[in-house]
Amino acid sequence: MASHYEAPIRRPLVTGEKSYHDVSVDVAAPVEGKANKAWWIVFSISLVAFLWGIGCIIYTISTGIGTWGLNKTVGWAWDITNFVWWVGIGHAGTLISAVLLLFRQKWRMAINRSAEAMTIFSVVQAGLFPIIHMGRPWLGYWVLPIPNQFGSLWVNFNSPLLWDVFAISTYLSVSLVFWWTGLLPDFAMIRDRAVKPFQKKIYSLLSFGWSGRAKDWQRFEEVSLVLAGLATPLVLSVHTIVSFDFATSVIPGWHTTIFPPYFVAGAIFSGFAMVNTLLIIMRKVCSLEDYITVQHIELMNIVIMITGSIVGVAYITELFIAWYSGVEYEQYAFLNRATGPYAWAYWMMMSCNVFSPQFMWFKKLRTSIMFSFFISIVVNVGMWFERFVIIVTSLHRDYLPSSWTMFQPTFVDIGIFIGTIGFFFVLFLLYARTFPVIAQAEVKTILKSSGERYKKIRERGDSLVGTGADERTSNLKIEAKTTSKQPTQDKSDKLENLLKGVGTFDPALQTADDLKVINGIGPKMEEVLNSIGIFTYAQVSKMTKREYDLLDDITGSFPGRAERDDWSGQAKKLIN
């Protein structure tokens, strides 16, 4: 039995017989290896959508905003709908990571990296729409407080539109630092595993000199907590300020005090749904099913169900306030939403946001990967329609029936929106090929308490002492094995078996390679390998667990190093 009390493991958060080395190999695989077919398919579709959006933006800027479906009555429509939708999605990423860190939730470890990256990329998409909407994006610097030498360009600090600029840029800055701080140990891991000098240099710069000392980890945890504490209120404040764009006006349907909490709840709801969409895609594209498990998806679905119910309560409260106010303009605004020409959009919003998440009450449905993926997309569609209903239906019929009109998006409106979706996924997929999508250092901290391998050890009643170490470097394990095994083969038999597995070297036909390029092989080790007949990358690349064990028995030096440093994987890369 263990020397201290170990809380029983619930369902494991890391499935499969994963050791600490396995975590490093699996997390680094998408960065170090070649992209698979699934990645290329998704990337190609995203790139086509992105290029289409670029074409529509160029056409808009060269021709004018008249290419959009805006008119004198509906001055805000498709573009601001997309802006608010992307800002909302960007909120949940940092919130998930920050709040779960503050509450010490272990299931955060597998999802926080993707959630934080989603925040950065979605805020970038959101920022595009106000800039394009200006009509002259090259004058975008006018939103900054410019000194009077440039003329009277001081901006109106009373406008919530300006508050948006400062709130979102502050949020983006904090989220970026929070995301990058979490990446430092993983950059160092890729740096230490890198074979090519250029790759090693790049990741050395990105890791900011991370060495893994106790002092590094102490500062890492302190900074992470401070940033999480800053990011959490920022999430609440930013979407509150976005809601002020509407709530401070006198338009019926906008002028209401419920907007700040209503917008925040909707942002968290849509953001969690988008994180679920990305997790389900990434676990398949990057082969991370053992780290992003069904349990993670289920927990996300429970949050979606709860926040969907909160959004439903907000809708009902809005209707009640309009009725209770006795203001006929407010009452008509909501009646028009439900029964007017845009009623289809209103009921689409209600169906997607209020009714569809209620399916998550059923365990069989919330643990189904395909159903979860479908619902996550449905929720994001519904949240887009919510923003469309708030903006367009409130504007197209205001106080004067003589100015009532309808809004119709043009192909340019639709093209730019599809382009931003493509841009988002292009950024995310490129990020998945250059940065580790799982926080491997943090996953390792929960491996003993939440890993399936260690769960089985506990269930057998065995001790966890020494289970995290490599068997060949643990004296206890070696002693136990040598007492139970039969006398081993002599050295010449082992050498023959080793060369049978990796192949022999013919100096007349082959050229010896510089084995010192492989991380973990120095001049001394290269001499040892040459003395037993290993001279080429091709021979090293054929090593498996069997050959590693034979090599350790023959050389007797640095047991376990070849397997830990993955000599075979490094040699395959050098051959390619």
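A salt bridge here is a side-chain nitrogen of Lys or Arg within 4 Å of a carboxyl oxygen of Asp or Glu. The model is predicted, so local features need pLDDT of at least 70 and side-chain atom pairs count only at pLDDT 80 or more, while totals for chains, interfaces and linings use all residues. Residues are numbered from 1 along each chain as its sequence is written, and side-chain values use heavy atoms, with hydrogens and water left out.

**View A. Glu-298, Lys-363 and Arg-366 are linked in a network of salt bridges.** Glu-298 and Arg-366 meet through their side chains at 3.0 Å, N to O. Glu-298 belongs to helix H9 (residues 294-325) and Arg-366 to helix H12 (residues 363-366), so this pair ties together parts that are 68 residues apart in sequence. Helices are DSSP runs (H or I, at least four residues), numbered from the N terminus. Glu-298 and Arg-366 are both buried, a word that stands for under 20% relative accessible area, with exposed over 50% and partly exposed in between (1.4 Å probe, protein chains only).

**View B. Glu-526 forms a salt bridge with Lys-516.** Their closest N and O atoms are 3.1 Å apart. Glu-526 lies in helix H20 (residues 523-531), Lys-516 in the loop between helix H19 (491-502) and H20. Glu-526 is buried at a relative accessible area of 12%, whereas Lys-516, at 38%, counts as partly exposed.

**View C. Trp-384 and Phe-417 form a tilted aromatic pair.** Rings of Phe, Tyr and Trp (its six-membered ring) pair if their centres lie within 6.5 Å; planes under 30 degrees apart are stacked, over 60 edge-to-face, and the rest tilted. For Trp-384 and Phe-417 the values are 6.0 Å centre to centre and 35° between the planes. Trp-384 sits in helix H13 (residues 369-396) and Phe-417 in helix H14 (residues 411-434), 33 residues apart. Both Trp-384 and Phe-417 are buried.

**View D. Phe-424 and Phe-425 make an edge-to-face pair.** Their ring centres are 5.3 Å apart and their planes stand at 90°. Phe-424 is buried at 0% relative accessible area, and Phe-425 is buried at 16%. In the structure as a whole there are 54 aromatic pairs.

**View E. The charged end of Arg-337 sits over the ring of Phe-334.** The distance to the ring centre is 4.6 Å. The criterion is NZ of Lys or CZ of Arg within 6 Å of the ring centre and within 35 degrees of the ring normal. Arg-433 likewise lies over the face of Trp-39, at 5.9 Å from the ring centre.

Technical notes: Helix = DSSP H or I, 4+ residues; strand = E, 2+ residues; numbered from the N terminus.
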